[in-house]
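Keep the viewer open and follow along.

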Amino acid sequence: MTDDYLSRIGNLIRDARKHRGWTQTQLAEVLNTSQSAVNRIEKGHQNLTLEMLARIGEALDSEIVSLGGGPVHLRVAGGRQLSGSIDVKSSKNAGVALLCASLLNKGRTTLRKVARIEEVNRLLEVLNSIGVRTTWLNDAGDLEIVPPAHLDLGSMDAEAARRTRSIIMFLGPLLHREDTFQLPYAGGCDLGTRTVEPHMAALRPFGLEVKATGGEYHAVVNRALSPGKPIVLTERGDTVTENAIMAAARHDGVTVIRNASSNYMVQDLCFYLDLLGVTIDGIGSTTLTVHGKPEIDVDVDYAPSEDPIEAMSLITAAVVTGSEITIRRAPIEFLEIELALLEEMGFDYSRSAEYLAENGRTRLVDLTTRPSKLHAPIDKIHPMPFPGLNIDNLPFFAVIAATATGQTLIHDWVYENRAIYLTDLNKLGGRVKLLDPHRVMVEGPTHFSGAEIMCPPALRPAVVTLIAMMAAKGTSVLRSVYVINRGYEELAARLNSLGAQIETFRDI
């Protein structure tokens with residue numbers, strides 16, 4: 001192997017290890033080698049046999065270094081305008097929350113049009129392994145969930161659990177079903193260290209104590225404890241709020257949750273619990289009052305609302321390719337700040353009258369984009385908890401700003417290193433300057449040109465890179481796109497339906 005090839009392999013292994021949340025020492029222990037050997041491998045200073053590559057791929061459970069079917073790549077013929085109409089699919093984050101919340105219910109839960117993405121697949125593998133019966137009812141994505149009388153937590157699929165950060169949302173439902181239980185450490189996107197302490201603080205009033213040792217969360221529930229005062233969340237996080245709501249849902253009493261997230265997936269969870277007979281006052285606000293039910297046994301049918309992050313992805317694709325498309329079923333309540341900011345930058349679009357989603361609660365519109373000449377905003381772009389600019393939508397403004405005239409400062413204060421991945425736009429001809437791990441300065445307008453890039457290990461920056469490739473002249477390759485499949489269902493095929501030219505392929 002050449003030195004350059006070894007360096008590329010080493011970088012892939014390093015990214016896969018970080019994606020898994022492991023240190024070099026932890027990987028070394030699994031491979032029965034030394035930390036220094038792993039360090040040499042990642043720096044490209046170590047020759048590798050096919051057997052060692054196979055062992056690393058198995059240890060990291062990563063397609064990046066798999067010798068089986070091989071990782072999936074995308075080849076993009078850029079510079080094409082889009083046209084036509086497309087429907088926004090149901091929310092990924094609502095779907096995974098509702099899968100976790102189904103554990104609160106002894107009855108049958110039927111969820112409509114669930115996104116068939118890798119994150120959902122991992123959770124279904126976990127649920128199936130502990131005795132929950134899940135059945136896809138049709139091609140539309142309707143999913144039936146039937147829990148057993150007793151969960152077999154000892155048989156949990158630990159590998160699947162570690163590949164999703166959503167497993168942390170099992171804590172709220174399980175504390176009502178089990179006095180003691182274990183969960184594997186949560187995984188997911190490589191976005192830096194994200195503490196689980198806010199979850200623990202929110203659940204301790206219900207008697208839950210968790211110790212993290214040996215790669216697992218060891219949970220013990222003290223039934224003598226219950227919330228004696230309002231629960232004040234120290235972090236207005238979406239999953240923290242969802243965990244607190246699910247714990248309160250089966251608490252025999254009234255629980256007040258303050259500084260709660262009112263984001264889209266939290267509202268979907270509340271609407272679902274309402275069908276289960278759990279009354280929640282204050283939905284859409286930062287103070288929730290949950291009237292719990294100790295026993296829930298209801299056959300329920302619920303349709304999660306559409307995904308505002310996917311809607312923003314499609315808006316971004318239209319903006320950077322200068323296209324006129326119609327994006328149907330966009331959840332406007334969760335896009336208004338983003339659209340207002342785009343209007344300030346010169347974005348031209350129209351919207352239909354509002355109508356209701358299938359859940360009867362969420363407000364939708366159809367958006368029609370038009371080619372627009374954008375200019376940089378006066379102020380920096382930064383996210384805030386809802387109703388501010390969505391944290392997951394922030395990365396899209398990097399590629400949008402790259403097409404605008406002037407300098408745009410983007411401040412991603414939530415994650416330790418997500419902003420770093422936005423500099424991948426430079427490989428396509430962008431001018432993105434990293435000021436620190438949280439801030440980038442983007443200068444436009446940019447004339448993107450094709451390049452071959454390794455897919456960032458974080459979901460939204462990965463999609464941002466793909467969208468930039470759609471605007472680039474020439475052909476680009478985005479390698480190892482598993483992370484995109486975690487959060488989007490058939491994204492390449494759906495963009496192709498609008499006129500993009502994106503080919504899926506594997507190495508021979």
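A residue is called buried under 20% relative accessible area and exposed over 50%, with partly exposed in between. Keep that scale in mind for the side chains below. One caveat before we start: this is a predicted model.

Now find the open sheet of four strands ordered β9-β10-β12-β11, where the pairing is mixed. β9 (231-232) and β11 (279-281) sit at the edges with a single partner strand each, so one side of each has no neighbour in the sheet. β9 runs parallel to β10 (residues 254-258), and two bridges join them. Within that pairing, V232 has R258 of β10 as its bridge partner. Packed on this sheet is helix α10 (residues 238-249), which touches β10, β11 and β12 (287-291) and points about 25° from the direction of β12.

Stay with α10 for a moment. Its twelve residues reach 16 Å from first C-alpha to last, close to the 16 Å expected at 1.5 Å a residue. The helix is mostly covered, with ten of the twelve residues buried; among them are V240, N243, A244 and A247. What does L203 touch, leaving aside its neighbours within four places in sequence? Its contacts are L171, G172, L175, L208, N243, A244 and A247. L203 belongs to helix α9 (residues 197-203). With a relative accessible area of 0%, L203 counts as buried. V240 lies 37 residues from L203 in sequence, and their C-alpha atoms are 9.2 Å apart.

Next comes another open sheet of four strands, in the order β21-β22-β1-β23 and again with mixed pairing. β21 (452-454) and β23 (502-506) take the edges, and each has a single partner strand, so one side of each is left without a neighbour in the sheet. From one strand to the next, the twist averages 20°. β21 and β22 (residues 475-479) pair in the parallel sense over three bridges, and M454 stands opposite R479 in β22. Helix α16 (residues 459-471) packs on this sheet, touching β1 (72-77), β21, β22 and β23, and its direction makes about 165° with that of β22.

Side chains of opposite charge can pair when their charged atoms come close. The structure holds 29 salt bridges. In one of them, E503 meets R75 at 2.9 Å, N to O. That pair links distant parts of the chain, E503 in β23 and R75 in β1, 428 residues apart. E503 is partly exposed at 41% relative accessibility, and R75 is partly exposed at 30%. Elsewhere, R108, R133, E144 and D299 are linked in a network of salt bridges.

Finish at the hairpin formed by β19 and β20, with two residues between the strands. β19 (residues 431-436) and β20 (residues 439-444) run antiparallel and are joined by five bridges, with V432 opposite V442. R431 forms a salt bridge with E443, the closest N and O atoms being 3.6 Å apart. This pair joins β19 to β20 across twelve residues of sequence.

Conventions: Residues are numbered from 1 along each chain as its sequence is written. This is a predicted model: local features need pLDDT of at least 70, side-chain atom pairs count only at pLDDT 80 or more; totals for chains, interfaces and linings use all residues. Side-chain values use heavy atoms; hydrogens and water are left out. Two strands pair if DSSP finds at least two bridges between them. Contact means heavy atoms within 4.5 Å. Axes are lines fitted to C-alpha atoms, for helices over the stretch in contact, and angles run from 0 to 180 degrees between N-to-C directions. The expected span of a helix is 1.5 Å times one less than its number of residues. Buried means under 20% relative accessible area, exposed over 50%, partly exposed in between (1.4 Å probe, protein chains only). A salt bridge is a side-chain nitrogen of Lys or Arg within 4 Å of a carboxyl oxygen of Asp or Glu.
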